[in-house]
Amino acid sequence: MARMKFICDAERCIECNGCVTACKNEHEVPWGVNRRRVVTINDGVPGERSMSVACMHCSDAPCMAVCPVDCFYRTDEGVVLHDKDLCIGCGYCFYACPFGAPQFPQAGAFGLRGKMDKCTFCAGGPEANSSEEEFRKYGRNRLAEGKLPLCAEVCSTKALLGGDADVLADIYRQRVLTRGKGAEIWGWSTAYGKPDAPAAPAPSAGGKS
Amino acid sequence: MTDKANLKRRQFLLTAGVGGVSAAAAVVAVKSGGSDAAKTDTAAQADQGGYRLTEHVAAYYRTARV
């Protein structure tokens with residue numbers, strides 16, 4: 001069974017926000033809700049990096065752990081989905097998620113929380129596949145149509161990859177080998193500035209830029 | 001003696017004929033049943049609506065390798 005995953009290649013993302021726009025249009029996401037957004041670090045500074053972020057469909061999802069009504073479930077492909085009929089809009093998942101994926105529409109003049117809304121990996125919800133009710137609550141079910149998430153498919157530079165994790169890992173590995181860098185950007189040393197681990201040697205003799 | 005032999009042979013042929021027809025009917029039934037089962041499996045896969053490596057998905061993977 002394939003495991004669905006997103007990965008964003010920060011070396012390729014050009015902050016065009018095409019993924020954000022495509023997602024909103026495909027699923028007719030209401031105002032005030034962005035299932036996906038592009039985050040830029042060191043914006044305007046040479047060497048800035050951008051990443052497209054949405055629900056990462058975690059293997060050990062914190063949103064599932066904290067939900068008091070247990071409205072989340074995971075499909076066979078590892079996609080984390082939720083049942084809006086059970087959601088009470090408490091917002092616990094929003095605080096638990098490290099990616100800020102859960103979104104809450106501003107329902108009413110006083111900003112009341114509505115049902116939580118988030119990226120579904122274009123896999124719909126618990127309703128019948130491609131039904132009108134499923135589209136109204138969760139958006140289009142592209143996986144049922146034999147397709148992949150639209151955000152990944154429309155990405156002009158193929159920075160945002162989505163699909164079978166094994167295939168994506170192989171694609172990213174080939175990119176790293178071609179560039180001669182990239183594998184060392186992962187890890188605690190980079191994330192927290194602690195040189196507790198020796199830097200991994202570059203895969204090839206190519207110069208780092 | 002000859003009549004008895006003919007009778008035995010006729011009974012044998014009759015039995016073989018009935019058996020053959022039954023076997024053929026069984027084969028047809030199994031074949032049609034298998035076809036139905038295959039159709040059901042395909043329909044079930046479509047109903048599940050999960051990830052499938054379709055031509056569309058394969059084309060996307062090819063473009064991502066550029």
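**Exercise 1. Is A:Glu153 buried or exposed, and how many other C-beta atoms lie within 10 Å?**

Some ground rules come before the solution. The model is predicted, so local features need pLDDT of at least 70 and side-chain atom pairs count only at pLDDT 80 or more, while totals for chains, interfaces and linings use all residues. Residues are numbered from 1 along each chain as its sequence is written, chains are lettered from A and ligands numbered from 1 in the order in which they are written.

Step 1. Take the cut-offs: a residue is buried if 20 or more other C-beta atoms lie within 10 Å of its own, exposed if 12 or fewer, and partly exposed in between, with C-beta atoms placed from the backbone.

Step 2. A:Glu153 has 23 other C-beta atoms within 10 Å, so A:Glu153 is buried.

Step 3. Helices (H or I, at least four residues) and strands (E, at least two) are DSSP runs, numbered from the N terminus.

Step 4. Leaving out residues up to four places away in sequence, A:Glu153 touches A:Leu148 and B:Tyr60. Contact here requires C-beta atoms, placed from the backbone, within 7 Å.

**Exercise 2. Which residues of helix 2 of chain B are buried, and what do they pack against?**

Step 1. Chain B has 2 helices and 0 strands, and 8% of its 66 residues count as buried.

Step 2. The buried residues in helix 2 of chain B are B:Val57, B:Tyr60 and B:Ala64. They lie on the same side of the helix because they cover an arc of only 55° around the axis, the arc being that of the directions from the helix axis to the C-beta atoms.

Step 3. Exposed on the other side of this helix are B:Glu55, B:Ala58, B:Ala59, B:Arg62 and B:Thr63.

Step 4. The buried residues of helix 2 of chain B pack against helix 5, strand 8 and helix 6 of chain A.

**Exercise 3. How many residues does each chain give to the contact?**

Step 1. Chain A gives 19 residues and chain B gives 14 residues.

Step 2. On the side of chain A that touches chain B, strand 8 (160-164) and helix 6 (165-179) of chain A are the elements that give two or more residues. Helix 6 of chain A gives the most, with 3 residues.

**Exercise 4. Which residues touch the most other members of the largest nonpolar core?**

Step 1. A nonpolar core is a set of buried Ala, Val, Leu, Ile, Met, Phe, Trp, Tyr and Cys residues joined through C-beta atoms within 7 Å.

Step 2. In the largest one, of 40 residues, they are A:Cys151 and A:Leu160.

Terms used. Contact = placed C-beta atoms within 7 Å.
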